[in-house]
Protein chains: 2
Amino acid sequence: MREVAVLGVGCTRVGELWEKSIRDLIFEASREAMDDAGIEGIDGLYVGNMCSGSIQEQEHLGALMADVLGLRGISAAKVEAACGSGGVAFHEGVKSVASGLQDFVLVAGVEKLSDTSTADATASLMMAEDAEYSAFTGATFVGLNALIHRLYMNRFDVMAEQIAAFAVNGHNNAVNNQYAQYRSPTTVEKVLASPLVADPIHLLECAGTGDGAAAVILCPLERARELRVHEVITIAASSVATDVFSLPEREDLLSFSASRMAAEQAYGMARISPQDVDVLEVHDAFTIVGTISIEDLGFVKKGEGAKFVHEGNISPDGKLPTNTFGGLKARGHPVGATGIYQIVELAWQLRGEAGKGQVDDADIGLAQNVGGIGSTVAVHILRRSR
Amino acid sequence: MREVAVLGVGCTRVGELWEKSIRDLIFEASREAMDDAGIEGIDGLYVGNMCSGSIQEQEHLGALMADVLGLRGISAAKVEAACGSGGVAFHEGVKSVASGLQDFVLVAGVEKLSDTSTADATASLMMAEDAEYSAFTGATFVGLNALIHRLYMNRFDVMAEQIAAFAVNGHNNAVNNQYAQYRSPTTVEKVLASPLVADPIHLLECAGTGDGAAAVILCPLERARELRVHEVITIAASSVATDVFSLPEREDLLSFSASRMAAEQAYGMARISPQDVDVLEVHDAFTIVGTISIEDLGFVKKGEGAKFVHEGNISPDGKLPTNTFGGLKARGHPVGATGIYQIVELAWQLRGEAGKGQVDDADIGLAQNVGGIGSTVAVHILRRSR
């Protein structure tokens, strides 16, 4: 199996981009990635997306993307795994280059949620959970996460402040990210003073709905070394795992076994341990999901995540700089694009191009992208190649 | 790159399966494929599907499928390329085994169109075409195909009877297929006496809407040789190509360049020419699409497909036995499953398990699966390994 490297990256700003279509977003991010890589020739395309069918009445984004980019004839596929669509599409792109069948593969993620009402967007996102046994009850996505949030507080005797701290880190980091949706710093007090969306989850603990696209170009490691456009970043591990689909059927609501499994596999592939990770991207769709993820990825013991975050350990100058561009909370969460934004941001960190958010001597980055409430988890480990 | 083989196949009957859910269909087809392969251990899942979001309000079918099959933890992804979702999912499965990352991969396709009204199913299927520049005009999928059908008749001076013959072949072949939706034989006269759906396309020239699932288990060729559960069938070629996305922008409406490109690549990979193909599966969503496909795949010259079919050349005892289980027209067309049904049926032919529809000495089979109106085409060549 061939080693795979990141050759170029690009993304759009995240926001309510009324003036831009799915087409525009895909084009902008992909074009930026192609310019960043300095190449025009692409062998294959993947696009991660969840809701274009229900919101834009447009499926078949693979062929659409090939056409938009003027790459007519090229093979293309849409990959979907709910909010984990980007991470899973990236995994498929890595496999394609690793297989030797394709050399230069462009993986994009795109989502445009602002084309519909909040109610319809909420319904579309609930398609990530089990329609027959879970959505059927009338529960919303944030409602199910609120059950987890409450249970976590009770079982581990955790304060609301400690969980809310996750959002503060994201907002403070996004200030320096020109692509972020929310560039305003915040405080634990402000988060807890924001309206309750689903008790005990406050508005400022939820990733907002937004539009955006991100793109990465992959190629064989040896080609990246020859071309040497940037610092060479290798994919040290690419792993996807799944969990019991319907949340109410899980044995333990406070641990996502797919995160644990994907992480374990990834650490094995990269031959590292969690202590070796210099910069982390986790899927903080809600503060509680970010908190639990840090535990499941092996950085702290179960039940200690909130305390760890609240003590400042995930801030840029902490032990484990996390979501340095704002994370889902503040960079924004254009569902199917989120997993690709994470890769783009890790690449910037490992190249030393992260600007004011730069983590010193960042050699190894880990990205965790979640589909549904932990039903699918993609874990990628990127490494700067010396 | 490792060679890949088909280890097991399975499918459900196609029909209006009111009593079965998406879950049931996936389970039934996958369980049959696992039993057929004689294995329980699977490393990865792919599922081809187009409309579960818009019709069942259920996305995230990869994780759902892992759960349904009791394969918790396993990596899984949904792959979508409109009506070509099955073929493209299969292509991803082949790449995954070829890469060496996974050994036993289950690729399923599923669709359940009967859960909604005909009008809503029609709207869902139109998501295969360009929403902004094509669907926006109010055109339906059959309406656009009718333009092609009329133009073909005019340009090549072809009679309605000659194009209708494609449907007759499918219906007559489906009589012996226990999984087929329409097992009634028909005649050119009956086809042309059926109501016009979109002039000049008659009802009996269209694949109906139906529900179904099909599944294939792939593994490395050497493992298939060791296990030797059945005749060993290798994937001699796997290719996907795309075309201009919006039909009105195409230079030539009467030739699908994605078909030509995918076929050319596939013949090169398999080192064969069209004359070597013993049994063919083409995507006859409409009689005109089947007719044009036979031309684009290189079996006859442009404009001669209808005459070739009308003269009986694609019948079981003709030069090019085609859609021997009924094709999309009569076996049925559960959109995202169709590309997998084609592979299942080719495997049966190459193993010599095709019953009354068996083609003598079938060594090489080709399947062509189309997404949209030729926007994506997947071509696979299967070969019996002696």
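**Stop one: a helix pair in chain B**

Start with H1(B) and H3(B): H1(B) passes H3(B) in a right-handed crossing. (A crossing is right-handed if the near helix is turned clockwise from the far one by less than a right angle, and left-handed if anticlockwise.) To make that contact, H1(B) brings Ile22(B), Arg23(B), Ile26(B), Phe27(B) and Ser30(B), while H3(B) brings Leu61(B), Leu64(B), Met65(B) and Val68(B); contact means heavy atoms within 4.5 Å. Sort those residues by class and you get seven nonpolar, one polar and one charged. (Ala, Val, Leu, Ile, Met, Phe, Trp, Tyr, Cys and Pro count as nonpolar, Asp, Glu, Lys and Arg as charged, and the others, Gly among them, as polar.)

To select the whole pair, take residues 22–37 of chain B for H1 and 61–68 of chain B for H3; they pack at an angle of about 60°, with their axes 10 Å apart. That makes H1(B) oblique to H3(B). Here angles under 35 degrees count as roughly parallel, over 145 as roughly antiparallel, 65 to 115 as roughly perpendicular and the rest as oblique. The axes are lines fitted to C-alpha atoms, for helices over the stretch in contact, and angles run from 0 to 180 degrees between N-to-C directions. Helices (H or I, at least four residues) and strands (E, at least two) are DSSP runs, numbered from the N terminus.

A quick word on what you're looking at: this is a predicted model, where local features need pLDDT of at least 70 and side-chain atom pairs count only at pLDDT 80 or more, while totals for chains, interfaces and linings use all residues. Residues are numbered from 1 along each chain as its sequence is written, chains are lettered from A and ligands numbered from 1 in the order in which they are written, and side-chain values use heavy atoms, with hydrogens and water left out.

**Stop two: how the chains relate**

Now show both chains. What rotation superposes chain A on chain B? One of 180°, with 0.0 Å of shift along its axis and an RMSD of 0.0 Å. That is the relation of a two-fold axis. (The copies are superposed by least squares on the C-alpha atoms of residues with pLDDT of at least 70 in both.) To find the axis, select Ser99(A): of the residues of chain A, its C-alpha comes closest, at 1.8 Å.

Next, colour the interface: 56 residues of chain A touch 56 of chain B. The copies meet through the same surface, because 100% of the interface residues of chain A are also interface residues in chain B. About 4,400 Å² is buried between the chains, with carbon and sulfur atoms giving 55%; buried area is the accessible area (1.4 Å probe) that two parts lose on being put together, summed over both. In chain A, pick out His60(A), Met127(A) and Phe245(A), which lose the most area to chain B, together 15% of what that side buries.

**Stop three: chain A up close**

Select H4 (residues 85–99) and H14 (residues 335–351) of chain A, which pack at about 60° with their axes 5 Å apart. Ser85(A), Gly86(A), Gly87(A) and Phe90(A) of H4(A) meet Gly336(A), Gly339(A), Ile340(A) and Ile343(A) of H14(A). By class, that contact has three nonpolar, five polar and no charged residues.

Last, zoom in on Asp199(A) and Pro200(A), joined by a cis peptide bond with omega about 10°. Pro200(A) sits in the loop between strands S5 (196–198) and S6 (201–202) of chain A.
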